[in-house]
Amino acid sequence: MESLFVSTLVVAIAEIGDKTQLLAIILATRFKKPIPIIMGILVATLANHALAATAGYWVADFLSGAWFRWAIAISFIAMAGWALIPDKADDEEGDAAGRYGVFLTTTIAFFLVEMGDKTQIATVALGAKFQSIAWVAAGTTFGMMLANVPAVYLGEAATKVVPLKYVRIGAALIFLLLGLWQAAELLGVLK
């Protein structure tokens, strides 16, 4: 359950102000069809994060040892710095919904935009740390939905509720704490 809780919390906070959340807002304001957008986000996130958690699990399985666990700790600390960098919405997501429909447009756009994103990389690291594909993928997907469903329904107003600067600082602190937690375990401070 720890892997589910931590994965949900990390991704829910990291997703706020992320480019995929901005994409959700753009899609919601452009198409005004929340249910197909939400279902597209869910399908894309499940697929993307299941692959990412599997990659983390696999990599950790093949590359065990203290140096690899240090790499995970350092990756969380690096994610803390990355979380402080604001994302910009890509203007490439256009009016393709007329051709593919809102659901498929959202699914494809979300899956592609999430590739290499900080929440996907966090999912890889969480999969490596917790060695649980299902719980990590479930937690990170739930975290994505916690952040994106309100964004879909509130549209642009969601970005004005909480200053993104403070959300980024909170996300950075969580990533930093995860990195320090891993480092403390390696140093024998936590057992």
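Mentor: Helices in this discussion are DSSP runs of H or I with at least four residues, numbered from the N terminus. The model is predicted.

Trainee: How many helices and how many strands does the protein chain have?
Mentor: Read along the sequence, the protein chain follows the pattern α-α-α-α-α-α-α-α-α-α. That pattern corresponds to a count of 10 helices and zero strands.

Trainee: Which residue follows helix 1, and what is its phi?
Mentor: Helix 1 covers residues 2-15. The residue that follows helix 1 is G17, whose phi is positive, near 85°.

Trainee: What distance does helix 1 reach from its first C-alpha to its last?
Mentor: Helix 1 has 14 residues, and at 1.5 Å a residue a reach of 20 Å is expected. The model comes close to that expectation, with a reach of 20 Å.

Trainee: Is V11 buried or exposed, and at what relative accessible area?
Mentor: V11 is found in helix 1, where V10, V11 and A12 are among the buried residues. A residue counts as buried under 20% relative accessible area. V11 therefore qualifies as buried, its relative accessible area being 0%.

Trainee: At what angle do the axes of helix 1 and helix 8 cross?
Mentor: Two packed helices are described by the angle between their axes and the distance between the axes. For helix 1 and helix 8 (residues 133-154), the axes come within 7 Å. The crossing is right-handed, and its angle is roughly 35°.

Trainee: How many nonpolar, polar and charged residues does the contact of helix 1 with helix 8 have?
Mentor: From helix 1 the contact includes L4, V11 and E15, and from helix 8 it includes W135, F142 and M144. By class, the contact has 10 nonpolar, seven polar and one charged residues.

Trainee: How many of the 13 residues of helix 7 are buried?
Mentor: Helix 7 comprises residues 118-130, and its end C-alpha atoms are 18 Å apart, in agreement with the span that 1.5 Å a residue gives. Its buried residues include T119, Q120 and T123, as well as K129. Helix 7 is largely enclosed by the rest of the structure, because the number of its residues that are buried is 11.

Trainee: With which residue does K129 form a salt bridge?
Mentor: Side chains of opposite charge can pair when their charged atoms come close. A salt bridge requires a distance within 4 Å, and the closest N and O atoms of this pair are 3.3 Å apart. The count of salt bridges comes to one, and the partner of K129 is E185.

Trainee: Why does this pair tie together parts that are apart in sequence, and how many residues separate them?
Mentor: K129 is buried, at 16% relative accessible area, whereas E185 counts as partly exposed at 35%. K129 lies in helix 7 and E185 in helix 10 (residues 164-186), so the pair joins parts of the sequence whose separation is 56 residues.

Trainee: What is the phi of Q131?
Mentor: Q131 follows helix 7 and has its place in the loop between helix 7 and helix 8. Q131 is partly exposed, with a relative accessible area of 31%. It is a residue other than glycine with a positive phi, near 55°.

Trainee: Where is K32 found?
Mentor: K32 is likewise a residue other than glycine with a positive phi, near 50°. At 63% relative accessibility, K32 counts as exposed. Its place is the loop between helix 2 (19-31) and helix 3 (34-62).

Trainee: What percentage of the contacts with a separation of 6 or more comes from residues 24 or more positions apart?
Mentor: The protein chain has 191 residues, and buried residues make up 46% of them. Among contacts with a separation of 6 or more, the share from residues 24 or more positions apart is 92%.

Terms used: Residues numbered from 1 in each chain as written. Predicted model: local features only at pLDDT ≥ 70, side-chain atom pairs only at ≥ 80, totals over all residues. Heavy atoms only, no water. Helix = DSSP H or I, 4+ residues; strand = E, 2+ residues; numbered from the N terminus. Expected span 1.5 Å × (residues − 1). Buried < 20%, exposed > 50% of the residue type's maximum accessible area, 1.4 Å probe, protein only. Axes fitted to C-alpha atoms, helices over the stretch in contact; angles between N-to-C directions. Left-handed = near helix turned anticlockwise from the far one by under 90°. Contact = heavy atoms within 4.5 Å. Nonpolar A, V, L, I, M, F, W, Y, C, P; charged D, E, K, R; others polar. Salt bridge = Lys/Arg side-chain N within 4 Å of Asp/Glu carboxyl O.
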